[in-house]
Amino acid sequence: MSDLSVFFAQNAEASTIEEVVISERFKDREGAPVPWRLRSMTEEENEAVRKAVTKRVKGKGGSYTTEVDQNEYIAKLAVNSVVFPNLKDAELQQSYGVLGAESLLRKMLLPGEYANLLQKVQELNGFDKDMNELVDEVKN
């Protein structure tokens, strides 16, 4: 029989943090690209993100169903995984003329960079499926 203590909280590895260059456009004083710090989340945090973007929608016959806003889910998942830069910093948001971390990400990154960030966030959080498949699972 295996030792159950390996599953105790104090024996589990802490969340993973990785440094990744998301964009070559953000450079330090020496001209080197500045890496972003990304972290893995717990399922408890992921559930909170899902709940935040789930809405009740009135369907046919007056019945209600739940619907996940896919774009907001992906954006919030990314925001919650980014440690650096601090996307919630008011000065950083102000420099791009936006309010909110999700809006900041959309404004500061090019589409390919945003896709690169989302891919790294998925990998770091243990998702080995396409994000669209994950969103479909969340809906069910």
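This is a predicted model: local features need pLDDT of at least 70, side-chain atom pairs count only at pLDDT 80 or more; totals for chains, interfaces and linings use all residues.
Q: What is the overall make-up of the protein, and in what pattern do its elements follow along the sequence?
A: The protein has 6 helices and 5 strands. Going along the sequence, they run β-β-α-β-β-α-β-α-α-α-α. Of its 140 residues, 31% count as buried. As for contacts between residues at least 6 apart in sequence, 51% join residues at least 24 apart.

Q: Why is Asn 46 called buried?
A: Asn 46 comes out at 5% relative accessibility, and the cut-off for buried is under 20%, so Asn 46 counts as buried. Asn 46 sits in helix α1, residues 43-52. Leaving out residues up to four places away in sequence, Asn 46 touches Met 41, Tyr 73, Leu 77 and Phe 127.

Q: What makes the pairing of Asn 46 with Glu 43 a polar contact?
A: The side chains of Asn 46 and Glu 43 are joined at 3.2 Å. A polar contact needs N or O atoms within 3.5 Å, with one able to donate a hydrogen and the other to accept it, and this pair is listed as one.

Q: Why does Ala 48 get the label partly exposed?
A: Ala 48 has a relative accessible area of 46%. Buried would be under 20% and exposed over 50%, so Ala 48 is partly exposed. Ala 48 is in helix α1 as well. Its C-alpha is 10.0 Å from that of Leu 77, which lies 29 residues apart from Ala 48 along the chain.

Q: How do you know that Asp 69 is partly exposed?
A: The value for Asp 69 is 26% relative accessibility. With buried set at under 20% and exposed at over 50%, Asp 69 counts as partly exposed. Asp 69 belongs to the loop between β4 (64-68) and α2. Apart from residues up to four places away, Asp 69 touches Val 53 and Lys 55.

Q: Why does Gln 93 count as buried?
A: Gln 93 has 9% relative accessibility; buried means under 20%, so Gln 93 counts as buried. Gln 93 is part of helix α3, residues 90-96. Its side chain reaches the backbone oxygen of Leu 87 at 2.9 Å. Beyond its neighbours within four places in sequence, Gln 93 is in contact with several residues, including Lys 88, Val 98, Leu 99 and Leu 104.

Q: What makes α2 and α4 roughly perpendicular?
A: Helix α2 (residues 70-81) and helix α4 (residues 101-108) pack at an angle of about 90 degrees, with axes 9 Å apart. Roughly perpendicular covers 65 to 115 degrees, so α2 is roughly perpendicular to α4. The residues of this contact divide into 5 nonpolar, 1 polar and 4 charged. From α2, Asn 71, Glu 72, Ala 75, Lys 76, Ala 78 and Val 79 take part, meeting Ala 101, Glu 102, Leu 105 and Arg 106 of α4.

Q: Why are α2 and α5 called roughly perpendicular to each other?
A: Their axes come within 10 Å and cross at roughly 70 degrees. The range for roughly perpendicular is 65 to 115 degrees, and α2 and α5 are therefore given that label. By class, their contact has 8 nonpolar, 1 polar and no charged residues. Here Ile 74, Ala 75, Leu 77, Ala 78 and Ser 81 of α2 meet Tyr 114, Leu 117, Leu 118 and Val 121 of α5.

Q: How do you know whether the span of α5 is close to or far from the expected value?
A: Helix α5, residues 111-124, has 14 residues and reaches 20 Å from first C-alpha to last. At 1.5 Å a residue, 20 Å is expected, and the span is close to that. Buried residues in α5 include Glu 113, Tyr 114, Lys 120 and Gln 122. Just after α5, Gly 126 takes a positive phi of about 85 degrees.

Q: What kind of peptide bond joins Phe 84 and Pro 85?
A: The bond is cis, with omega about 5 degrees. Most peptide bonds are trans. Pro 85 is placed in the loop between β5 (82-84) and α3.

Technical notes
Residues are numbered from 1 along each chain as its sequence is written. Side-chain values use heavy atoms; hydrogens and water are left out. Helices (H or I, at least four residues) and strands (E, at least two) are DSSP runs, numbered from the N terminus. Buried means under 20% relative accessible area, exposed over 50%, partly exposed in between (1.4 Å probe, protein chains only). Contact means heavy atoms within 4.5 Å. The expected span of a helix is 1.5 Å times one less than its number of residues. Axes are lines fitted to C-alpha atoms, for helices over the stretch in contact, and angles run from 0 to 180 degrees between N-to-C directions. Angles under 35 degrees count as roughly parallel, over 145 as roughly antiparallel, 65 to 115 as roughly perpendicular and the rest as oblique. Ala, Val, Leu, Ile, Met, Phe, Trp, Tyr, Cys and Pro count as nonpolar, Asp, Glu, Lys and Arg as charged, and the others, Gly among them, as polar.
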